[in-house]
Every structure is written in structure tokens, then in C-alpha cells.
Amino acid sequence: MQFLSFFLSLGLLLIVIIGNGLDSPELHLREATDFPVGVAINPKRLVQAEYAQVVGQEFSSITAENVMKPQYIWAAEREYGFSLGDSIVTFANAHNQQVHGHTLAWHLMQPEWLENSIASYDSATLENLLRDYIQAVVKHYQGKVVSWDVVNEAISSDGKGWRNSVYHQKLGDNYVARFHQYAREADPDVLLFYNDYDVVAKPEKLATILAMVDNFQSRNIPIDGIGMQMHIGLDFSLDKFQYALDEIVKRGLKVHLSEVDIRTNPDGELSSLTAEAAQKQRELMTEIVRRYNQLPQENKFAVTFWGLRDNESWLTKHTGHPQWPLLFSENLDKKPMYQGFLEGLDVNQTKLE
Ligand code: G3I
């Protein structure tokens with residue numbers, strides 16, 4: 001009988017040790033970098049204890065994947081609701097994390113009442129509504145949010161000019177500049193970013209963004225950084241990436257890799273993440289982080305992943321197939337891509353072994 005009780009006690013002890021995480025101390029991403037490492041989250045997932053623990057332990061920056069977009073805040077012409085965004089600020093404060101605001105103006109995810117009424121507004125009315133919205137949101141989050149994507153994706157998909165959005169149709173070429181001015185008027189300190197996708201994949205888009213920056217800087221229009229979304233695949237061009245980094249840094253701007261995910265299954269041929277695809281994803285992550293980490297300190301803003309774990313990625317619905325694009329698996333296990341991030345920092349990983 002004593003023999004049995006001994007082994008039961010030993011088993012219980014092992015469960016307690018593993019349960020309390022008394023395994024070897026692990027290095028977390030936020031401890032390994034000299035720049036913020038971020039993740040886009042849905043605040044409703046923070047009630048899941050393990051999810052919240054990983055977000056709090058690994059990341060030093062948080063972006064709201066959706067709840068700080070106009071669709072979630074802008075209830076009526078001059079009525080705003082901040083509760084969901086505030087819950088993210090509360091979590092970030094409790095975990096010593098910065099909050100990046102995404103996004104003040106975007107042609108998508110506008111509130112339904114605005115979708116239904118925007119055609120009826122004349123330009124001056126729409127401009128005033130947007131100015132008041134931008135300034136109300138920036139003032140509400142003043143001192144709580146370190147930065148904003150002021151305008152998201154205002155340049156056409158082919159990168160050759162302004163997107164023909166309803167904002168551009170009604171407000172003209174200069175609306176992005178004016179929106180930056182409105183945000184600056186509301187908060188003299190918040191960092192103002194322009195955020196877009198395919199900044200590397202489409203040199204025309206990078207050129208248009210750089211021309212916009214040059215124009216802004218010649219007119220003292222406030223802009224502090226560029227968000228390169230980095231929704232990429234394994235065919236990502238590191239040479240074009242380095243060129244984009246160099247050109248943005250030449251202009252004295254901060255670089256935010258703002259929505260990083262690396263798709264591994266573009267044609268939908270894989271039914272699981274193969275070791276080969278995982279290794280390619282790991283190696284690409286290493287090279288991206290290595291180049292980012294070599295930027296001058298004042299130009300490093302953050303590297304933000306567009307979700308925590310693979311199964312929650314927007315890409316599954318967007319592409320119709322699983323892409324396993326993020327740092328953590330569905331079970332919140334660290335993937336080779338996670339190790340790849342640390343390898344890009346040339347971090348001593350003995351603590352990880
Ligand atoms: O919340 C509703 C839910 O009540 C409803 O039952 C469900 C029905 O489909 O829709 C839910 O809203 C969805 C929302 O995500 C929250 O999950 C919207 O349909 C869906 O369109 C929305 O997708 C988001 C997308 O932006 C909107 O275009 C993605 O989660 C988000 O990852 C994605 O993020 C964008 C960045 O903001 C800008 N850069 C590109 C990136 C990917 O599109």
C-alpha cells in the first residue's frame with residue numbers, strides 16, 4: 001500500500017510542478033528585443049486564461065484587430081462608443097504594453113449608418129463628420145494609445161495612385177493630409193502612421209507612398225511612420241524589403257511591420273503544416289527580423305503579428321484554406337517560426353533549450 005501512495009504522491013508532485021510552470025525559465029519575445037513586439041487581438045478572447053497569459057508574457061505591444069475601427073466606435077454622426085477598445089487599453093496597462101491604434105479612417109468596416117448615408121452628404125458635411133470623429137477618438141485615447149494608423153489603405157491596389165474610395169471621391173486628393181492634421185491637432189504627441197499592404201510586393205505602391213511622404217514633409221504635414229502590413233508568403237522578396245526599409249529610414253520615419261503573417265499554403269494543397277513549409281517560414285522570419293533589427297533604433301517602432309495563433313488568422317477565411325501564418329499553433333505551442341524570430345535577433349537561446 002505504501003508503494004502505491006508513494007507513486008501517487010510523486011505523480012501529484014509532477015502535475016503541480018508542470019502546472020505551475022516550474023519548468024526551465026523561458027525567454028519571451030518581449031525580453032529578447034530592443035523594440036516592441038506586438039500582436040493583434042480580439043478582446044473577447046482575453047477571457048481565455050491561457051490566451052491572455054501568452055499575450056501578456058510574450059508581447060509588449062497590442063493592436064486591436066477590429067474593435068478600434070470606425071465600425072465598432074462610430075455609433076451615429078456624433079455618438080461614439082469606446083468600451084471594447086478601452087478593454088484592450090486596460091489589459092495593456094496591466095501588462096506594461098503599449099497600444100497601437102488601428103485605424104481612424106478606412107474605406108472598409110465603416111458603420112452601417114455611414115454606409116447608408118454617405119452618398120447623401122456633401123463634401124463639407126462629410127469632412128466635418130470625419131474631422132469630429134478623428135478628433136473625438138484621438139482625444140479619448142490620448143495618453144493611452146501611443147500611435148495611430150490615421151488612414152489605412154488609401155492607395156489603389158495597383159499602387160499607382162489614390163484608391164477611388166468614397167473618401168477620395170468626396171474629399172479629393174488632399175484628404176489623407178488633412179486627416180493627419182486633424183489627428184495632430186487632437187494630440188500633439190501621438191505618433192501618426194500611414195498603413196498599407198503590398199508595400200514590398202508592389203514597387204509602384206512603395207513609390208506612391210514615398211512620394212506622399214515627400215509631399216507631406218515639404219508641407220509640414222505631420223507623419224511619424226509607415227506601417228508595412230507584411231501579409232506575405234514564402235516567396236517574399238528580402239531585397240525589395242531591404243529597399244523599402246532603407247527608403248523609409250532615409251525620410252527619418254519609423255517603420256512598423258504592422259500586420260505580419262506568413263502564409264504557407266497559397267494554393268490550398270496542404271492539409272497540415274509540413275516540416276518543409278514550417279522550416280521555410282522559420283528561415284524567412286529570421287531574415288525579416290534580422291533586417292528589421294539592424295535598423296537605427298529611432299526608426300524601429302514595432303513588429304506586430306496579425307493574430308496570436310494559426311487557427312484565428314483572418315487568412316483562413318480570406319484564402320479559403322488554413323495558412324498556419326502565425327507564431328503559435330492552435331494549441332498555443334511555439335512554432336519553428338517563433339524560434340526563427342529569436343534567431344533573427346541572434347539571441348542566445350540556451351534558455352530555450
Ligand atoms: O463581429 C461580426 C459577427 O457578429 C458576425 O456574426 C460575423 C459574421 O461574419 O462577422 C463579424 O465581423 C467580422 C469581423 O472581422 C470580426 O470578426 C467581419 O465579418 C469581418 O469582415 C472582419 O474581418 C476583419 C477584416 O479586417 C475586415 O475587413 C478581419 O478580422 C481583420 O483581420 C482584417 O484586418 C485587416 C486590417 O484591419 C487592415 N489590413 C488588412 C487586414 C486583413 O484584411
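Me: Which side chain has an N or O atom 3.2 Å from a nitrogen atom of the ligand?
Reply: A polar contact is a pair of N or O atoms within 3.5 Å. Here that side chain belongs to Gln229. This is a predicted model, where local features need pLDDT of at least 70, side-chain atom pairs count only at pLDDT 80 or more, and totals for chains, interfaces and linings use all residues. Residues are numbered from 1 along each chain as its sequence is written, and side-chain values use heavy atoms, with hydrogens and water left out.

Me: Which side chains lie by the oxygen atoms of the ligand?
Reply: Asn66 has a side-chain N or O atom 3.0 Å from a ligand oxygen, and for Trp306 the distance is 2.9 Å.

Me: How do I read a pair of aromatic rings?
Reply: You describe the pair by the distance of the centres and the angle of the planes. Rings of Phe, Tyr and Trp (its six-membered ring) pair if their centres lie within 6.5 Å; planes under 30 degrees apart are stacked, over 60 edge-to-face, and the rest tilted. The whole structure holds 16 aromatic pairs. For Phe179 and Tyr182, the centres are 6.2 Å apart and the planes at 35 degrees, so this pair is tilted.

Me: Where do Phe179 and Tyr182 lie?
Reply: Both are in helix 9 (residues 175–186), 3 residues apart; helices are DSSP runs (H or I, at least four residues), numbered from the N terminus.

Me: Are Phe179 and Tyr182 buried or exposed?
Reply: Buried means under 20% relative accessible area, exposed over 50%, partly exposed in between (1.4 Å probe, protein chains only). Both are buried.

How values were computed: Polar contact = N/O pair within 3.5 Å; in protein donor to acceptor, adjacent residues only side chain to side chain. Helix = DSSP H or I, 4+ residues; strand = E, 2+ residues; numbered from the N terminus.
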